[in-house]
Amino acid sequence: MPQHPNDPRQARRLPETLNEFQRAEGHPQFRVDVERIRFSPFYSRLSAVTQVISQAGAGLAVHNRLTHSIKVAAVARAIATHLSTRDDEAGHIVAELGGAHPVVVQAAAAAHDLGHPPFGHLGEQTLDHLARTRFGLSEGFEGNAQTYRILTRLDEHDRPGVGLNLTAAVRAAVLKYPWRRGDGGRRRGGASKFNYYAIDEQDARAALSAYPLIEPGQQTVECSIMDISDDIAYSLHDLDDFYRAGLLNPATLSAEFHSWHRDLARLRASDRDALEADTRTPGHSLELLWRRLQSKDAWIADADAFSEAVAKVSAEVIDGLVAEPFDGSLASERGLARFTTAWIARLQSSIEVHRHPDERCGHVSLNRQAWHEVAVLKFLHERFILERPDLTVYQRGQANILVRLVDGFTAWLDDPGDARRAPRRLIDLVELATDDYHRLRQDAPDLVGARTDDDLDRLARGRGIIDYVASLTDAQASSLDALLAGQTERLWDAGQGL
């Protein structure tokens, strides 16, 4: 089956003819994309990449990037199915803007975290710093931009140069931040978030051109569904992990929430600097959350809605779920399942559609009340898990692994007598990046400036090294660190897959 010439959303960079089994599927072009992503080694890799707490460090059955992606896909598909069958104004807006195809949304959800490096967000921050300071890559590293690079360049199906050769619809649906670094302004994620590097911009713009009614800097409808589903899943399954692990202290949580409610008048009159200077005092961190929401998202932030969200989370999470410690019993499992199911169902039913959304909002979003509730749920993780000293110490050690890997591979490739023995895939990625930067100079010379061939080759070497290290699992990164230090006791096992 040839691609549909009258539907630019189904266009691929290189035309393909589907086989008889693919043609038998409903929505065959988009279904091919889903399966191509699922069969990708980058997708399999997500089972061994940290979500928040490293599996190796926690020793727990915690979520990883793969289980997270599976749950995002389930939430997103349900929302897309509902919106695509509505025959009201919201349904008409969705159709007019390009549709909410459940299979496109499912593919985007499966792919959205492919670019996350080892060790979670800490790894992302570390590689960003190394890319800029070690190699002069002004765009640094960003997990979302890396996702797009994997789909369109680094991962290959059966032909070179076009990545997985996905449809425009799916490529556009992963562009949560459809701009280059620094162009985000006050949009979602701010200037630090972006979804493509300059060397991949041409492809991204081609994908977005299939949606002419989507304004520049705005997500497609299908992307906004994936994005909001990511928020829903993240806010609840991390709570699941930390509750199971016994990391949420009911007394500490209760003190924070009840103190904020009791001392609200005093807290609202307090100076921000004073609150930030003493975040250990119960109530201060929750008030700072409100100040942040009010400052960044004045278009939706509402004091009454925030108070209601605090009350709901306090009643159902602090005085409800975590008041009874998780003991591994069937009763605990049932209680947690009921809690999670009820929250997901309610948040899914809180979806709104906007023809002209605020620049910090997508065409599909949570309503005002649900938006505040998700913000408060996320606060639980940020304040009571991510700021733990024991986790911080462990993460600093993981960051040092990435530093040693980047420096070690740089020294290896800089050694003219031994560079040829570097991992074959590392050499391939450097060559790909070299082609990309030289092509960029031809297509958009203003983006690279007056750089010599040697300058471009240095940038490409840095990008290739970052691409390589970012593609490792947590365990592979630790194993390679030991190999480069000459300390492994299982040489042949540790070297598999280099």
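How are helices α13 and α16 oriented to each other, roughly parallel or roughly perpendicular? The first close-up takes that up; every view here comes from a predicted model.

**View 1. Helix α13 packs against helix α16.** Here α13 covers residues 250-262 and α16 covers residues 284-296. Two packed helices are described by the angle between their axes and the distance between the axes. For this pair the angle is about 65 degrees, and the axes sit 8 Å apart. Angles from 65 to 115 degrees count as roughly perpendicular, so α13 and α16 are roughly perpendicular to each other. On the α13 side, look for Glu256, Phe257 and Trp260. Their partners in α16 are His284, Ser285, Leu286 and Glu287. Sorted by type, the residues of this contact come out as three nonpolar, two polar and two charged.

**View 2. Phe257 also belongs to an aromatic cluster.** Besides taking part in the contact of α13 with α16, Phe257 forms one aromatic cluster with Phe379 and Phe384.

**View 3. Phe409 pairs with Trp412 and with Tyr468.** A search of the whole structure turns up eleven aromatic pairs. In one of them, the rings of Phe409 and Trp412 have centres 6.3 Å apart and planes at 10 degrees, so the pair is stacked. Both residues sit in helix α20 (residues 389-413), three residues apart, which means about one helical turn separates them. Phe409 is buried, at 1% relative accessible area, while Trp412 is partly exposed at 22%. Now turn to the other partner: the ring centres of Phe409 and Tyr468 are 5.3 Å apart and the planes meet at 85 degrees, so this pair is edge-to-face. Tyr468 comes from helix α22 (residues 453-470) and Phe409 from α20, so the pair ties together parts that are 59 residues apart in sequence. Tyr468 is buried too, with a relative accessible area of 3%.

**View 4. Asp33 sits buried in helix α2.** Helix α2 spans residues 28-38. The Asp33 side chain makes a polar contact with the side chain of Thr167, at 2.6 Å. Leaving out residues up to four places away in sequence, Asp33 touches Arg12, Leu166, Thr167 and Val170.

**View 5. Phe119 and Asn165 have positive phi values.** Most residues other than glycine have a negative phi. Phe119 has a phi of about 70 degrees, and Asn165 has one near 55 degrees. Where do you find Phe119? Look in the loop between α7 (102-111) and α8 (120-135). Asn165 is in the loop between α9 (143-154) and α10 (168-173). Both are buried: Phe119 has a relative accessible area of 4%, and Asn165 has 3%.

**View 6. Asp200 is a buried loop residue.** Asp200 lies in the loop between α10 and α11 (201-208). Its relative accessibility is 4%, so Asp200 counts as buried. Which residues does Asp200 contact, setting aside neighbours within four places in sequence? They are Tyr148, Arg149 and Arg153.

**View 7. Leu213 is a partly exposed loop residue.** You'll find Leu213 in the loop between α11 and α12 (221-244). At 48% relative accessibility, Leu213 counts as partly exposed. Pick out Glu201 as well: Leu213 and Glu201 are twelve residues apart along the chain, and their C-alpha atoms are separated by 20 Å.

View 8. Val94 is buried, at 2% relative accessibility. Val94 and Val353 are 259 residues apart along the chain, yet their C-alpha atoms are separated by 7.6 Å.

Note on methods
Residues are numbered from 1 along each chain as its sequence is written. This is a predicted model: local features need pLDDT of at least 70, side-chain atom pairs count only at pLDDT 80 or more; totals for chains, interfaces and linings use all residues. Side-chain values use heavy atoms; hydrogens and water are left out. Axes are lines fitted to C-alpha atoms, for helices over the stretch in contact, and angles run from 0 to 180 degrees between N-to-C directions. Helices (H or I, at least four residues) and strands (E, at least two) are DSSP runs, numbered from the N terminus. Angles under 35 degrees count as roughly parallel, over 145 as roughly antiparallel, 65 to 115 as roughly perpendicular and the rest as oblique. Contact means heavy atoms within 4.5 Å. Ala, Val, Leu, Ile, Met, Phe, Trp, Tyr, Cys and Pro count as nonpolar, Asp, Glu, Lys and Arg as charged, and the others, Gly among them, as polar. Buried means under 20% relative accessible area, exposed over 50%, partly exposed in between (1.4 Å probe, protein chains only). A polar contact is a pair of N or O atoms within 3.5 Å; within protein, one must be able to donate a hydrogen and the other to accept it, and residues adjacent in sequence count only if both atoms are side-chain atoms. Rings of Phe, Tyr and Trp (its six-membered ring) pair if their centres lie within 6.5 Å; planes under 30 degrees apart count as stacked, over 60 as edge-to-face and the rest as tilted.
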